[in-house]
Amino acid sequence: RNNDLWAYIAKLYYQKDITREQFGEAGRIITNTNCFEATNHELNKHSLTPGYDHDVDEWTRVAGRESMYLVDPYGHRAFTRSLVPSTNDPDNEHYGIIYRACQSCIPTHKKIFYRRKTPVPDGLNLQYQVLYYSSSSRVTGNFWDVDFSLHSTYEDALNNVNPWKCPNNSFNYHYTFYGRCSPDGTGVNNQHSRFHVAGERNDVAYFVNKPEDDGLQIEPTNIIKGREYASGMALKDPTDGTIYMTGAGREIGWVRDDFNYLSEEVDGDHTAIVHVGSISVPQPHAWSKSGIIFRSGLESNAAYYGLFLTGSNGVCFQGRMYVGSYYSHFGCVQAGIKEAWIKIEKQLDMFYSFIGAQETEGGPITWTQIHSREIATIGEDSYQVGLGVASRMSFAQEVLFKGYEVDAFFFPSMAPTSSQSPTSGSALTELAVASQSCTSYGGVASRAIDGSTKYGWGDGSV
């Protein structure tokens, strides 16, 4: 065959021009050198990429990398929530099946099915165990042959037959997900894929045994990428509206923000309310932020006002007065709390933040105002309002948002329609809204009672 080196070497062998040993050596050199790179090169020339089409009526993709990436991985609780336990056979119970597809793995390890034999404990981050964990020690709640087994086919996993074996009957937890195990117990190396490590198996995806249209549904988010960490996704429970949201990011703050943002465009005055809690992250940070943000736009340096539950510093309020300026940290309350009801009200150029108390779930919420600030640069036209998450680390944290509402805010006008507006020099008998004019904090002189343009509070500004 023309320009086929392997065919030419074979021709020489059959002509007895080279020995059997020389034929074998030449064959190993030709077929084992840069085959993977050569294959990818040819695919790229034709604008092709490896991939995998799963059955969406049976499986939901919960994580993927390289050519098998669609969205960022599900978070800890969303991952576990998506596992579907068996219901038909009380003598053959399982608590969900996870399917790994690996395009770059050897044939026996291209498809692996993880059968969950015990319920997932509340304190176990199974998503982290599957995607990232590598250690000489095993983690309670995820013991091989106690909490899970591995199988080569979905049918075997469903029927609990032909489980994989491990060398010396020992699962090696350094080898993420598959433990150096195989169908016949032979030790197999280099088939693991930690999702934060570039040098391991690529083109990998994980699926769980539920139809994609059932249960949690993906909500599109905006990745505000002011630096290098921002990533994340959001899922919504269609039954109760709970939002399972993940977010990595350097910070919501400094000059450029770096976080995941689930937002909508609005205009006029609005109120946003949410309960934030159940933060889960492999690498906790005291200043991680999860909460409500009003922003002038989706640019990383946009003006904003935010109210957040932090990793351990309580509920904190901060903002950026102007597009491109450094952010201002205004303070925190209730250090150490793990969940909170929070609310922001926008009234003209004023932003008011509140923390809520609820004695019983579903009962009334008592709101306490904790801060206010004038920021005239948000809402001059339309603006963004929504939920933001930044872990402060490269690992994303998952947060549960409950009871999320964004509603238009209405408040009494200075002069009711049934009476005329006050004339110059007349007594003011109706409720009026006045704002300070100290321009060092974003005040606008035209809205001050005296029209003051003073910069500092000590200058007599109103």
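The notes that follow cover strand pairing, aromatic rings, charges over rings and one serine.

This is a predicted model, in which local features need pLDDT of at least 70 and side-chain atom pairs count only at pLDDT 80 or more, while totals for chains, interfaces and linings use all residues. Residues are numbered from 1 along each chain as its sequence is written, and side-chain values use heavy atoms, with hydrogens and water left out.

**Strand pairing**

- Strands here are DSSP runs of E with at least two residues, and helices are runs of H or I with at least four, both numbered from the N terminus; two strands pair if DSSP finds at least two bridges between them.
- Strand S20 (residues 397–408) runs antiparallel to strand S9 (residues 243–247), to which it is joined by 5 bridges, and Phe401 in S20 is the bridge partner of Ile243.
- S20 also pairs with strand S11 (residues 270–280) in the antiparallel sense, over 8 bridges, and here Val276 stands opposite Phe401.

**Aromatic rings**

- The structure holds 27 aromatic pairs, where rings of Phe, Tyr and Trp (its six-membered ring) pair if their centres lie within 6.5 Å, with planes under 30 degrees apart counted as stacked, over 60 as edge-to-face and the rest as tilted.
- The rings of Trp59 and Tyr99 have centres 5.3 Å apart and planes at 55 degrees, so this pair is tilted.
- This pair links distant parts of the chain, 40 residues apart, with Trp59 in the loop between helix H3 (35–45) and strand S1 (60–64) and Tyr99 in strand S2 (residues 97–102).
- Trp59 counts as buried because its relative accessibility is 5%, given that buried means under 20% relative accessible area, exposed over 50% and partly exposed in between (1.4 Å probe, protein chains only); Tyr99, at 2%, is buried as well.
- Ring pairs also link Tyr114, Trp144, Phe148, Phe171, Tyr173, Phe177, Phe195 and Tyr206 into a cluster.

**Charges over rings**

- The charged end of Arg65 sits over the ring of Phe195, 5.6 Å from its centre, the criterion being that NZ of Lys or CZ of Arg is within 6 Å of the ring centre and within 35 degrees of the ring normal.
- Lys343 lies over the face of Phe354, at 4.6 Å from the ring centre.

**Ser280**

- Ser280 is found in strand S11 and counts as buried because its relative accessibility is 11%.
- The side chain of Ser280 makes a polar contact with the side chain of His76 at 2.7 Å, a polar contact being a pair of N or O atoms within 3.5 Å, where within protein one must be able to donate a hydrogen and the other to accept it, and residues adjacent in sequence count only if both atoms are side-chain atoms.
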